[in-house]
Structures are given as C-alpha cells and as structure tokens.
Amino acid sequence: MSEDGEVIPGTVPGPDDVDSITLELLAGERIQLSAESDDFDTIITLFDPDGNEVARDDDGGDGFNSLLDYSVEATGQHVAEVSSFLDGTGDFTLTLTFPDGALNVDDEFTEVNAITSGDGVVSYDSDLLAGEQIIVTVDATAGSDLDPRITIFDPSGNEIGTDDDGGDGFNSLLSIEDVPESGTYVTEVDSFGTTTGEFEITISIIAN
C-alpha cells in the first residue's frame, strides 16, 4: 500500500507528455496529492482502478503548483498523471498524504505458491471480525502463464465475492468491506481457463 508522506520524483520531458505514478489505495481513505515544480505549471489527474478519471487539479497548491483532495471510493491501483499547462516541461515532485490518517492494516500475509493443473485450487483461511475489511491481491510471477482468479467464502461457505482481472493486466484484486459476521473466511485461488503457473498472494485485513 502507498505510504503517508511518500515523495515521488518525476519528469515531464515534452509539452504533450505525462508522467504516470501508480498508487495502491484503500476504499474509505482520504488522500491529498501535491505536485510541485520550479520548471512548469503542473496539472494532476487521478484515475481509479477501472481507468476512470475521478479527480483533477491545476493550481490548487501554491502558485502554479497542484493540490488534489480525494476520498477513495474503490480499493486498488490508482494512477496519478502529472502533466503541464500549455507547453511546460521539466522535473517535479509528487507528494502523497493522508489528512485523516491511512487505514489501519491489522494483519497481512504474503506468499508465493502455484497452480499446477488447470483445475487446481489453493485455499487460504483468514479469521475476521464483523465489520473488518479483507483485501486480496493475486499476481502471476515473472514468466508465469497463470491468469489467476479469486473467490472468497463466508464462515457458512457462501460465496461473497469473486474477481478475475481486477488487478493489473490479468491479475486479480478483490476487496470485501464490512464483513457481516465474525469467523473464518476462505479465499480460493484458481485459474481462468486452463492456465497454470506461480503466483504471489497478499491478504490484508483492515481493522474497523
């Protein structure tokens, strides 16, 4: 996940160019992005995990610098694009802050595993309290042919969410907010079609 106070340097080399920065954000967080440059008049445009423009600012900061304030609606990879007003070029710094504080990750688990057959399934148990949030990302490792898929089941065995390509490319990302009851939730990882290969899974539990 992106960190409070993170400072990212960048460059807009040409008048029609943009520099793109990927941010891992959680639904319910409030963020501020500031872009500062001594070389040009900055513009920030923020896109949600589906690629939709959700916020934009030109001169909300000091002088011709940008300051964007946004309440995150969807967990996942957001993209901040920094561009110039008119024909400016040069270097900039992008700073990410959480004015209300970042969400509290209560527990996190990461491992590398593999789907070795087209009908293979790997399961993970997570103990949750009612009202907590679970976020699962599954990324195929370098050189893997796997197109991973995630399904989450509640303590009674009912499917409460599934995702195929909600992450980057063919990777998966699934977030379940405010789980309805305390107990053991099961995350299953399988493949789309008959693809196989290694993957890295991260399961994050967000305290309520």
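In which strand is the place of Asp91? Asp91 sits in strand β8, residues 90-97, in a predicted model where local features need pLDDT of at least 70, side-chain atom pairs count only at pLDDT 80 or more, and totals for chains, interfaces and linings use all residues. Residues are numbered from 1 along each chain as its sequence is written, and side-chain values use heavy atoms, with hydrogens and water left out.

**View A. Asp91 and a surface patch of negative charge.** Asp91 has a relative accessible area of 47% and is therefore partly exposed (between the limits for buried, under 20%, and exposed, over 50%, with a 1.4 Å probe and protein chains only). Together with Glu36, Asp38, Asp39 and Asp62, Asp91 forms a patch of negative charge on the surface (residues with over 30% relative accessible area and no salt bridge, like charges being joined within 9 Å).

**View B. Glu132 in the loop between β10 and β11.** The loop that holds Glu132 runs between β10 (122-128) and β11 (133-140), strands being DSSP runs of E with at least two residues. Glu132 is buried yet has no salt bridge, and Arg30, the nearest side chain of opposite charge, is 24 Å away (a salt bridge being a side-chain nitrogen of Lys or Arg within 4 Å of a carboxyl oxygen of Asp or Glu). Residues that Glu132 touches include Asp106, Glu177, Asp178 and Asn208 (heavy atoms within 4.5 Å).

**View C. Leu173 in strand β14.** Leu173, in the strand of residues 172-176, counts as buried because its relative accessibility is 12%. Beyond its neighbours within four places in sequence, Leu173 is in contact with residues including Val136, Ile150 and Asp163.

Methods. Helices (H or I, at least four residues) and strands (E, at least two) are DSSP runs, numbered from the N terminus. Lys and Arg count as positive and Asp and Glu as negative; His and the chain ends are not counted. Patches are made of residues with over 30% relative accessible area and no salt bridge: like charges are joined within 9 Å, nonpolar side chains (Val, Leu, Ile, Met, Phe, Trp, Tyr) within 5 Å. Accessible areas come from the Shrake-Rupley method with a 1.4 Å probe; for residues, only the protein chains shown count as cover. The place of a charge is taken as NZ of Lys, CZ of Arg, CG of Asp or CD of Glu.
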